[in-house]
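We'll go from the overall picture to a helix crossing, and then on to a few individual residues.

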Amino acid sequence: MINLSGFFSTGLFTYLFVILFQGPAFAGSMQEATAIQNDTLVYEDIIRGERLFHGLVYLENKAQKCSGCHSTFAASSIDSVNWNPNALDISLKYLDRSVEDLGRVLNNPSGVKMSQAHSNFKFSDAEIVQLKGFMESFPDKGLKEQKPVITNLALFIIALVFFLISLTDLVVTKKLKRQWINLAVLSATSIYIIYVLVVNAILIGRSPGYSPDQPIKFSHAVHAGQNKTDCIYCHNFAPYSKVSGITQSNVCMNCHLIVRNGTRSGMFEIAKVVSSFEDKEPIRWIQVHNLPDHVYYNHSQHVNAGGIECTKCHGPVETMDRIGQYSDLSMGWCINCHRTEQVNFNENEFYSQYKLLSEKVLKGELDKVVVEAQGGNECMRCHY
């Protein structure tokens, strides 16, 4: 005999859990699964879908781990790129698609790279439904952030504790007979604490190594390095504008009308460019190099008048898969460049205001060094 009270209590608990904790996405996945398999997708199926994604369920005595390629963590490495789309990207792309669409991609992918990666993948219809359910719940969770490294903070706290203990014993309690130990501890911890405070105070407002996740995994190593694309082709404002500018999908499509499949990224990232162009939605690139609001910087002045190469400030971008801030962009760094970089102010149309001074140099009435010094050591050049 069927225990109806147990059945209704279990069903009621599942229904309340769905409404309170899983939200519309979960409810949508339940309806879709019901329509396809005439079965109800319950919370346990979502958990099994998650376990399938992480390779914790062995299919046909083989482990198939989706998370090995499709990370569930936010990117943290500056120099490397996981070319495979992360779990959030996949979830968002297939959020409004059917289970059949997901099944075709998993079991019968069309791209060369995906065909190689999924060659041994065979999911049943029920397992695909479970994976789809997990993926629909994933956007609410988002990618996991890497745990911050607290080693330096822990060392600072330990040094501060030892400093306070030694100071208290030296001045108040005086329990330690050999007071020179307290003096030694105070000296060592004081040096360390002052060093940490000074170094971190200097770094306030600076962000060397800053490398945010971009909406598209764009590799400068591929475009600028391997394909020898000139910087100005994409950053075409730099020669005549304050800002360098950043290309949008219409420029990208000059190449990607033909190139639709990357050797490392497959079709997924390039498809984002195509979608941006076709939907007329701009790509929301995140600025990497930032200066304080009270600093004036003009790209055209440095590119044209100064003849400065892009790599002088941005580093060897042709070797970077994942772009990051190369220089610290501090005032000292800028001033040092202004002092050492040789700029030809004579016959330089950008510096028309120095024409009279240049003529005096040619006549021998004024030292060339004096004219060159007009280039950028004055405070008002950058702060006005």
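How many helices and strands does the secondary structure of the chain come to? Keep in mind that this is a predicted model. The count is 18 helices and two strands. Of the 384 residues in the chain, 32% count as buried. As for contacts between residues at least 6 apart in sequence, 66% of them join residues at least 24 apart.

Let's start with a pair of helices. Two packed helices are described by the angle between their axes and the distance between the axes. For helix 4 (residues 99-107) and helix 6 (residues 125-141), the axes come within 10 Å and cross at roughly 110 degrees. An angle of 65 to 115 degrees counts as roughly perpendicular, so helix 4 is roughly perpendicular to helix 6. On the helix 4 side, the contact is made by Val99, Leu102, Gly103, Leu106 and Asn107. Helix 6 answers with Ile128, Val129, Leu131, Lys132 and Met135. Sorted by type, the residues of this contact are seven nonpolar, two polar and one charged.

Zoom in on Leu102 for a moment. If you skip its neighbours within four places in sequence, Leu102 is in contact with Tyr94, Ile128, Lys132 and Met135.

Several of these names come back in the largest nonpolar core. In soluble globular proteins, nonpolar side chains tend to be buried together. Here the largest core has 18 residues, and the members that touch the most others are Phe53, Leu102, Leu106, Phe123, Ile128, Leu131 and Met135. Helix 2 (43-53), helix 3 (87-93), helix 4 and helix 6 are the elements that each give two or more residues to this core. Which helix supplies the largest share of this core? That would be helix 6, with six residues. Apart from this core lies another one, of seven residues, and Met253, Ile270, Val273 and Val274 are among them.

Next up is helix 7 (151-173).

Thr189 is found in helix 8, and its relative accessible area is 10%; buried means under 20%, so Thr189 is buried. Leaving out its neighbours within four places in sequence, Thr189 is in contact with Ala159, Phe162 and Phe163.

Finally, some backbone angles. Most residues other than glycine have a negative phi, and most peptide bonds are trans. Just after helix 7, though, Lys174 takes a positive phi of about 55 degrees. Lys174 sits in the loop between helix 7 and helix 8 (179-202). Is Lys174 buried or exposed? With a relative accessible area of 55%, Lys174 is exposed.

Lys280 is another residue to look up: its phi is near 55 degrees, again a positive value in a residue other than glycine. Its place is in the loop between helix 12 (268-279) and helix 13 (299-305). Lys280 has a relative accessible area of 73%, so it is exposed.

Methods:
Residues numbered from 1 in each chain as written. Predicted model: local features only at pLDDT ≥ 70, side-chain atom pairs only at ≥ 80, totals over all residues. Heavy atoms only, no water. Axes fitted to C-alpha atoms, helices over the stretch in contact; angles between N-to-C directions. Helix = DSSP H or I, 4+ residues; strand = E, 2+ residues; numbered from the N terminus. Parallel < 35°, antiparallel > 145°, perpendicular 65-115°, else oblique. Contact = heavy atoms within 4.5 Å. Nonpolar A, V, L, I, M, F, W, Y, C, P; charged D, E, K, R; others polar. Core = buried A, V, L, I, M, F, W, Y, C linked by side-chain atoms within 4.5 Å. Buried < 20%, exposed > 50% of the residue type's maximum accessible area, 1.4 Å probe, protein only.
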